[in-house]
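This report describes a structure chain by chain and then turns to the place where the chains meet. Please look at the sequence and the model first.

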Amino acid sequence: MSANVISKTVRGFSGALGRTLVSENSAHAKGLLQALDPRVKLVGLLALVVTAALARKLPVMAALFGLGVVLALGSRLSLWSLAKRVWLVAFAFTAMIAAPALFLTPGETVYTLGGLAITAQGMRSAMLLVARVEAAVTLSTLLVLTTPWMHLLKALRTLMVPVEVIAMLAMTHRYVVLLTETANAMFESRQSRMVGRLNGHEQRRLMVNTGGVLMSKTLEMGNEVFLAMQARGFRGEVRLLTDFRLRGWDYVAMSGFAAAVVAATMAGR
Amino acid sequence: MHIPDGYLSPSTCAVMYAASAPCWWAALRRTRRKLFGRTLPLLSLFAAFSFVTMMFNLPLPGGTTGHAVGVGIAAIVLGPWASLLAISLALTIQALFFGDGGITTLGANCFNMAIAGSFAAWGIYRLVSLGAAAESRRRVVAAALAGYGAINFSALLAAIEFGIQPMLFHDATGAPLYAPYSLRVAIPAMMLGHLTIAGAAEAVMSAGLFSYLRRNEPALVGITGVPAAQQGIRTLWGALALVLLLTPLGIVASGAAWGEWAPKDFANAAGRAQMAAASGNAVAPAAAPSGLARLANLWTAPLPDYAPHFVKSAAFGYLLSAMFGVGLILAVAWAVGRWAGRADGE
């Protein structure tokens, strides 16, 4: 039992670090979306996500999902990996939430299952929710899997996100990886020294004490990082080096995104 | 609790972004003033810490496990403004990078968990721990309640956002277009899990971390027997009093300090000899340089040579001058502090 809690947490850390590595690898691969200017990709894919959220017709959502699959194939992403990590997870989660809507949504009964009436409106609502979530999640995942993190953050400037916030997000991301590794090492070392089983109270104490040590380390590191930044000339102002340049292919992609958004919006109302 | 894309209508998402934006703006301004350049590294690091603790599997009474957002302890340690920024950063990284929570719903998620959660946690902690002694058990209970109350308040807000979707957004046949459940279903469904498992996880994390910090890093939770800042001030007052008492030592030094000569020192032989001795035997000019002579009379000090003219004892004069000088500096510092405090809204 006690080993399970630590093992589950360590597995969670490994999963997070693994996903980071997969994203970094796929973002640097050669492919359709990887070749685009991050600003075009960010705005284009976000516009498609919003279009999926606005759409009210299943075929339009299916078309947006299909577009996502085509873009994934063009960007050399593994569909099996997408299915396993994104589509199945989103489907299982959303279907679980949407299933009761089949019975709870008032409307015309189309089928009776074990004395419970499934309504047409319930079916439509559940299908809309699942389709919309699948389309939106696919499109937003494409953004992360095909854009190096630092490029994605710099591209956020086009959405008028303050420079300071972008710098904080960059630092947070960097230290998420470091602190995950630190916490991982703390749990693994604890696990290697542990014999026997801990009861519930001891397990809770182990987890929160590890959290406490991690917080102390974090704040100490925060001060050290600040001093290091100061030593390198940081005076509270942040400047970003943006070397993005639009090329011919980006204009084509921009037109493509715009056409898809307009078509889906018009067809989806 | 992390609402994914597709569950809320775009107009609800826009409203939630609009509600969050002024809070982020105000928080950024306030923390920038309080932390100066430290805002960036400290908040980033704390956000990274929150992100990592969200992955901790907390064993709960009854044999199940849960994850905590950590908003309770963040609000207690950082205060509500910095906490809302740190948790918002962690949620943004989760949404953008790990797909946990949607991009269109990020405003709503930040409003529910980071903004409302931080203020709820901070308010509950302050209220319950009001007047409690540093070592009081009530403070641990306050921390637990802060986490529990904050996460449940956040869940209630999320449930309301879900619950209003079918009322506002449905097609001609009445089929809901987004989250399909009305408030009557959404609130109990959401609250059941949060009043039990998620709430317990948050309470355990907040109370546990609070106890740990109180034991090992008391200054972080602001409840040392004598606050660290106050201890420092006391030492400073002691040192200041000692230095004041030692000021008459200035009389022991003979002659004028190098470079602090008065025009009259150039005119008398003793003054010129002192200048030559202190300057490697370089001969001083016969008369005071014209610029020095002209500017020396620009300002006449109220206490020349650290002794008011009515005081006969040089030692007492030194002491009196030191007290006057220190008093003047303290008065200016106090006035600046008052002004800065008012500008800070306190």
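## Two chains and their contact

In chain B, 43% of the 346 residues are buried. The model is a predicted one.

Along chain A, starting at the N terminus, the order of elements is α-α-α-α-β-β-α-α-α-α-α. Chain A has a radius of gyration of 23 Å, well over the 18 Å that the globule rule gives for 269 residues, so chain A is more spread out than a compact globule. Its C-alpha atoms fill a box of roughly 60 × 60 × 30 Å along the principal axes.

Contacts between residues at least 6 apart in sequence can also be sorted by separation. In chain A, 78% of these join residues at least 24 apart; in chain B, 66% join residues 24 or more positions apart.

Where the chains meet, 67 residues of chain A are in contact with 56 residues of chain B. Several helices of chain A each supply at least two residues to this side, among them H1 (2–27), H2 (38–54) and H7 (163–192). H8(A) gives the largest share, 19 residues. By class, this side of chain A has 37 nonpolar, 21 polar and 9 charged residues.

The largest nonpolar core has 159 residues, and those with the most contacts inside it include A:Ala52, A:Leu64 and B:Leu43. Beyond its neighbours within four places in sequence, B:Leu43 is in contact with A:Met168 and with residues of chain B including B:Thr31 and B:Ala82.

Technical notes. Residues numbered from 1 in each chain as written. Chains lettered and ligands numbered in written order. Predicted model: local features only at pLDDT ≥ 70, side-chain atom pairs only at ≥ 80, totals over all residues. Contact = placed C-beta atoms within 7 Å. Helix = DSSP H or I, 4+ residues; strand = E, 2+ residues; numbered from the N terminus. Nonpolar A, V, L, I, M, F, W, Y, C, P; charged D, E, K, R; others polar. Buried ≥ 20, exposed ≤ 12 C-beta atoms within 10 Å, placed from the backbone. Core = buried A, V, L, I, M, F, W, Y, C linked by C-beta atoms within 7 Å. Rg over C-alpha atoms; globule rule 2.2 N^0.38 Å.
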